[in-house]
Amino acid sequence: MTFYTVDVFAIDKYTGNQLAVFTNASHLSPLQMQRIALEINYSETTFITATEPDNGGYNVRIFTPKKELPFAGHPTLGTAYIIQRAIIQQPVEKVHLNLQVGQIPVSWERIGDGGEVLWMRQNSPTFHEILSAADLAPILNLELDEFDTRYPIQEVSTGIPFIIVPLKNHTALKGIRINRERYFQFVAKTYAKDILVFCPETYSAENHLSVRVFVEYLGIPEDPATGSANGCLAGYLVKYAYLGDAALDVRVEQGYEIDRPSLLFLKAIGEGESIEVSVGGKVIMVAKGEFV
């Protein structure tokens with residue numbers, strides 16, 4: 001079986017979030033896919049189960065080392081990149097992926113340095129329970145005065161739910177240490193199992209926000225770049241006018257604390273009761289190989 005490794009939301013090669021993509025996986029059972037994903041042990045591995053379009057899109061399944069996901073951000077962009085390079089084998093403006101959450105479009109944008117950014121349109125975010133800083137503080141090893149209480153801690157979903165946590169500064173963000181016992185006790189009672197924390201201070205002056213994402217529930221202690229979580233964040237930022245506008249166009253850092261610096265582009269705009277969300281980033285080819 002042929003597979004490719006790509007870095008998604010990359011700044012350069014060997015940054016961003018690693019992804020393995022299998023291009024001829026129609027013969028594999030879900031159990032076999034799960035075992036391969038565990039063997040590779042990236043945060044996600046994807047399997048293209050048909051090399052011809054079905055209803056205009058390519059059928060794709062996404063697995064973490066522990067379970068199958070209905071949607072995930074960097075696997076969507078990275079798989080679309082491989083579909084274009086290895087299956088279609090010519091430039092395209094858009095590719096559709098058939099995922100469990102529905103059909104997700106991915107489009108290409110040329111940028112000034114001669115590279116390209118891939119963009120995915122996510123489902124409109126839904127907003128769920130507002131949670132307490134007092135509950136999150138011992139999980140994150142933070143003091144209550146390190147949370148930005150002007151904005152709520154809330155469960156948000158564009159396909160996978162995340163707990164969105166606003167912090168005041170970089171010191172708080174960098175100081176997080178997850179208490180696993182308290183974390184698992186807490187998420188046993190919540191709709192969202194994964195946590196995104198963010199602050200308005202950044203490593204690079206070009207960027208607008210810093211983010212960390214903790215996905216221990218799925219076997220990923222900390223993720224270097226999380227498109228699904230950042231889509232939820234984009235909706236949250238618009239809903240609460242965090243940056244003072246109903247339209248959003250920002251650069252977000254992630255992964256610096258685990259030596260996988262990543263860059264995500266977020267766009268969102270409120271449209272009546274719904275919010276249109278798009279997440280973009282660069283994809284870089286790293287390797288090609290075979291499973292035997």
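In which loop does D54 lie? In this predicted model, D54 is placed in the loop that runs between strand 3 and strand 4, the latter comprising residues 58-63. With a relative accessible area of 42%, D54 is partly exposed. When its neighbours within four places in sequence are left aside, D54 is in contact with N59, N98 and Q103.

The backbone of N55 has a phi near 55 degrees, a positive value in a residue other than glycine. Most residues other than glycine have a negative phi. A positive phi is likewise found at Y14, which is not a glycine and for which the angle is about 70 degrees. Y14 is located in the loop between strand 1 (residues 2-8) and strand 2, and at 54% relative accessibility Y14 counts as exposed.

Turning to the aromatic residues, the structure holds 12 aromatic pairs. One of these is formed by F22 and F47, whose ring centres are 5.2 Å apart and whose planes meet at 15 degrees, so that the pair is stacked, the limit for this class being under 30 degrees. Because F22 belongs to strand 2 (residues 17-22) and F47 to strand 3 (residues 45-48), this pair ties together parts that are 25 residues apart in sequence. Both F22 and F47 are buried. Another pair is made by Y183 and F184, in which the ring centres lie 4.9 Å apart and the planes stand at 75 degrees, so this pair is edge-to-face. Within this second pair, Y183 is buried, with a relative accessible area of 1%, whereas F184 is partly exposed, with a relative accessible area of 29%.

F22 and F47 are also members of one aromatic cluster, which they form together with F3, F63 and F291.

K267, in turn, lies over the face of W119, with a separation of 4.7 Å from the ring centre.

Key. Residues are numbered from 1 along each chain as its sequence is written. This is a predicted model: local features need pLDDT of at least 70, side-chain atom pairs count only at pLDDT 80 or more; totals for chains, interfaces and linings use all residues. Side-chain values use heavy atoms; hydrogens and water are left out. Rings of Phe, Tyr and Trp (its six-membered ring) pair if their centres lie within 6.5 Å; planes under 30 degrees apart count as stacked, over 60 as edge-to-face and the rest as tilted. Helices (H or I, at least four residues) and strands (E, at least two) are DSSP runs, numbered from the N terminus. Buried means under 20% relative accessible area, exposed over 50%, partly exposed in between (1.4 Å probe, protein chains only). A charge sits over a ring if NZ of Lys or CZ of Arg is within 6 Å of the ring centre and within 35 degrees of the ring normal. Contact means heavy atoms within 4.5 Å.
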